[in-house]
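Here are a few notes to go with the model you asked me to look over. They start with one convention and then move on to the helices.

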Amino acid sequence: MALKNLWEQERQERLQITAERRQQVNQWKQLTQQELQLQADLLHQELSNFVTSLHNNRKLQQQQFQQEIVERQLEILQIKTDVCQRQQEYRQQRAAKAQALFQDLQNFRAILHKNVWGERTHEQVVSPPPVKTEKLVATVPKWSISRSGIKATGFRPSVNTMTRKVPTSNADTKSKVQQYIQQAEGATLTEIEEVIGLTRVQTIDILRSLIKQGILEQRDRQYFIRQQAIS
């Protein structure tokens with residue numbers, strides 16, 4: 001009987017110990033769950049703050065980028081405006097220079113006409129006696145006259161060819177062609193035909209002859225006086 005009571009007592013003690021251990025395990029589980037929940041909440045809060053900060057930074061960068069685009073567009077517009085103004089000023093300067101050049105050309109023509117014909121009219125000029133047919137040496141006046149000025153006022157031969165009445169010959173035509181190219185500072189085949197009044201075949205023959213003589217040179221479909229021929 002005493003043994004049975006002892007065994008029952010030990011059994012009760014073991015049950016009590018088991019219950020205490022279960023209680024401890026349950027408490028530990030609760031504490032662990034609470035700690036995990038706390039860490040999860042903290043992590044969620046940090047993640048939410050990070051996403052919010054990232055969104056704000058992205059929005060700020062987007063605003064800055066749009067502002068930079070607007071500034072660049074304003075700079076481009078300002079550059080275009082400046083370019084347009086400079087182009088307009090350049091056109092005005094070119095127009096003024098062209099007007100001044102045209103005026104200088106008119107004055108030059110008036111002086112040349114006065115030096116050649118004097119105060120008399122063209123009908124009162126007495127023609128000089130006929131001269132012997134001779135090989136004319138092309139005398140090219142070194143005038144700085146642009147091609148546009150020649151086209152506007154017309155091509156005029158030098159003084160020697162104006163005051164002499166020599167029968168029209170190949171040498172005279174070559175001299176006129178050479179003078180026009182010199183005054184225009186270069187001319188094309190079509191321009192020479194229109195100004196001198198030659199046919200295409202005549203013009204080609206004369207240009208080929210002058211090139212063979214070393215007087216002319218051809219560059220980019222235009223004909224120029226050689227520097228050696230000028231000197």
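1. A convention before the packing: a crossing is called left-handed if the near helix is turned anticlockwise from the far one by less than a right angle, and right-handed if clockwise. By that rule, α5 passes α6 in a right-handed crossing. The contact (heavy atoms within 4.5 Å) involves Leu189, Thr190, Ile192 and Glu193 on the α5 side, with Arg200, Thr203, Ile204 and Leu207 on the α6 side. Sorted by class, that is four nonpolar, two polar and two charged residues. For the classes, Ala, Val, Leu, Ile, Met, Phe, Trp, Tyr, Cys and Pro count as nonpolar, Asp, Glu, Lys and Arg as charged, and the others, Gly among them, as polar.

2. Bear in mind that this is a predicted model, where local features need pLDDT of at least 70 and side-chain atom pairs count only at pLDDT 80 or more, while totals for chains, interfaces and linings use all residues. Residues are numbered from 1 along each chain as its sequence is written, and side-chain values use heavy atoms, with hydrogens and water left out.

3. Now the geometry of that pair. Helix α5 covers residues 189-196 and helix α6 residues 200-212; their axes come within 10 Å and cross at roughly 115 degrees. So α5 is roughly perpendicular to α6, a label that spans 65 to 115 degrees. Axes here are lines fitted to C-alpha atoms, for helices over the stretch in contact, with angles from 0 to 180 degrees between N-to-C directions.

4. What else does α6 pack on? Helix α4 (residues 170-184) also has its axis within 10 Å of the α6 axis, crossing at roughly 75 degrees. That makes α4 roughly perpendicular to α6 as well. Asn170, Thr173, Lys174, Val177 and Ile181 of α4 meet Ile206, Leu207, Ser209 and Leu210 of α6. The tally for this contact is five nonpolar, three polar and one charged residues.

5. Next, the strands. Aspartate 220 sits in the loop between β1 (216-219) and β2 (222-225). Its relative accessibility is 76%, so aspartate 220 counts as exposed (over 50%; buried is under 20%, with a 1.4 Å probe and protein chains only). Aspartate 220 lies 9.2 Å from threonine 188, C-alpha to C-alpha, and the two are 32 residues apart in sequence.

6. Finally, the whole chain. The protein chain has seven helices and two strands, DSSP runs of H or I (at least four residues) and E (at least two), numbered from the N terminus. Their order is α-α-α-α-α-α-β-β-α. Buried residues make up 18% of the 231 residues.

How values were computed
Angles under 35 degrees count as roughly parallel, over 145 as roughly antiparallel, 65 to 115 as roughly perpendicular and the rest as oblique.
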